[in-house]
Amino acid sequence: MHSGYSFRTRAILKAQIARGWDVAGVTGARHTAEGPDVETVDGLTFYRTRAPETMTTPIREWREIALLADRIDDVVAEWKPDQLHVHSPVLNALAALRVARRRELPLIYEIRAFWEDAAVGNGTGTRNSARYWLTRMFETHAAHQADAVAVICEGLRQDLIRRGVDGDKIMVSPNGVDMGLFGNPPPVDPGLAQSLGLKGKEVTGFVGSFYDYEGLDDLIAAMPRLIMARPDSHLLLVGGGPMDAELRAQAEASDVADHIHFTGRVPHDEVERYYGLIDILAYPRKKMRLTDLVTPLKPLEAMAQKRLVAASDVGGHRELIEDGVTGTLFPPDDPDALAAALADMFANRGVWEERRRAARTFVERDRNWSSNISRYAPVYQKLTGKAV
């Protein structure tokens, strides 16, 4: 199953194994792929938690916590680990806390996003609802109870400190890239470019999941103005998600519909072919708590591939992109500003190679998983009292 969460987990486990550590993964009930109770995939061993019978909220969530806690406890009894490492959402933390206290094991809780804000961002929740504040309360409780807390960016760390969580026990382990998976940009596939009507065109693109907070509606809305300045501009949207139908309808109604192309979801091993068609990767995230607090993974992967990056000026992007050096930042929620930024980038191709080099160097130096993972070692050693 392909997502930012699964890629981050894979990278952590792979890097830990490379250091000689023994690791096992336990998936929760929301991992929906079919398979056996224990499965080794890509050299990683996972123990599955079966989903509960159909129930309604909040009974379902409490049942998920109980089932995951039981499964973790079974694995602990078999593996005899030195410690537990659990990542968000908070349902996972509440399950792991039960086992950690019962088995007297130290627990590090890794928060990749606040679940309540993610729900607002993807349209499944509303700000200031009872569910929002209840989820926030449990998140804060879990952070207080964990022996150590890891977050993926400084925005999340500062938010937890404002909630009263001890800053000394919070470490930042930023999103990283497995540099072994990324080299020079793939060459343009002439046949694919021809089939999509992109041969010889200036292509702005987005590759990922179509959530509302990604701001792809602003990207589509920016196209008429961009095309006024750069008539050969085209937009390539690769992927799918909850906003797919709405975005396609918006594109069809646009005056420049013939310049906007959707591929649908593509197999993971084919994604690089589509990256090869794109001149500028655009990330027009909307401004909200989620995007201000959380750093995304996709821009890092793009920079690792020496792709040009343009992104909205929200907190999560500012932690990754230095405007005018490793990428371009533009005002969020403003299609005209987005179009102007893209037009300026296409008009100044002379700086492209320098910017690509700067972005790749930043990722290699500061966002490489092989070095990022070393941040966990002193925390593990402090929690377990063992050299690692």
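Predicted model: local features only at pLDDT ≥ 70, side-chain atom pairs only at ≥ 80, totals over all residues.
Visitor: How is a residue sorted as buried or exposed, and what is the relative accessible area of Y380?

Guide: The sorting goes by relative accessible area: buried means under 20%, exposed means over 50%, and partly exposed covers what is in between. Y380 has a relative accessible area of 7%, so it counts as buried.

Visitor: Which residues have their rings paired with that of Y380, and how are the planes set?

Guide: For ring pairs, the centres must lie within 6.5 Å; planes under 30 degrees apart count as stacked, over 60 as edge-to-face, and the rest as tilted. A search of the whole structure turns up 9 aromatic pairs. In one of them, W21 and Y380 have ring centres 5.4 Å apart and planes at 55°, so this pair is tilted. Y380 belongs to helix α17, residues 376–384, while W21 sits in the loop between α1 (4–18) and β1 (25–27), so the pair ties together parts that are 359 residues apart in sequence. Y376 and Y380 also pair: with centres 5.9 Å apart and planes at 20°, they are stacked.

Visitor: Where do Y376 and Y380 stand relative to each other along the helix?

Guide: About one helical turn separates them, because they are 4 residues apart in helix α17.

Visitor: And W21, is it buried or exposed?

Guide: W21 is buried, with a relative accessible area of 15%.

Visitor: Which residues form an aromatic cluster?

Guide: F206, F210, F262 and Y283 make up one cluster.

Visitor: How many positive and negative side chains does the whole protein chain have?

Guide: There are 48 positive and 54 negative side chains, and the centres of these two sets are 4 Å apart.

Visitor: Which residues other than glycine have a positive phi?

Guide: D42 is one of them, with phi near 55°. It lies in the loop between β2 (38–41) and β3 (44–48), and at 43% relative accessibility it counts as partly exposed. Another is K306, whose phi is near 60°. K306 belongs to the loop between α12 (298–304) and β12 (308–312), and its 23% relative accessibility also puts it in the partly exposed class.

Visitor: How far apart are A119 and L290, in sequence and in space?

Guide: A119 and L290 are 171 residues apart in sequence, with their C-alpha atoms 9.2 Å apart. A119 sits in helix α4, residues 115–121, and at 19% relative accessibility it counts as buried. Beyond its neighbours within four places in sequence, A119 is in contact with T124 and G125.

Visitor: What about the chain as a whole: how many helices and strands, and what radius of gyration?

Guide: The protein chain has 17 helices and 13 strands. Its radius of gyration is 22 Å, which agrees with the value near 21 Å that a compact globule of 388 residues would have. The C-alpha atoms fill a box of roughly 65 × 45 × 40 Å along the principal axes.

Visitor: What share of the residues is buried, and what share of the contacts is between residues 24 or more positions apart?

Guide: Of the 388 residues, 52% count as buried. Among contacts with a separation of 6 or more, 70% come from residues 24 or more positions apart. As for the accessible surface, it comes to about 17400 Å², with 51% belonging to carbon and sulfur atoms.

Note on methods: Residues numbered from 1 in each chain as written. Heavy atoms only, no water. Helix = DSSP H or I, 4+ residues; strand = E, 2+ residues; numbered from the N terminus. Rg over C-alpha atoms; globule rule 2.2 N^0.38 Å. Buried < 20%, exposed > 50% of the residue type's maximum accessible area, 1.4 Å probe, protein only. Contact = heavy atoms within 4.5 Å. Areas by Shrake-Rupley, 256 points an atom, 1.4 Å probe, with all protein chains shown as cover. Lys, Arg positive; Asp, Glu negative; His and termini not counted. Charge placed at Lys NZ, Arg CZ, Asp CG, Glu CD. Phe/Tyr/Trp six-rings, centres within 6.5 Å; stacked < 30°, edge-to-face > 60°.
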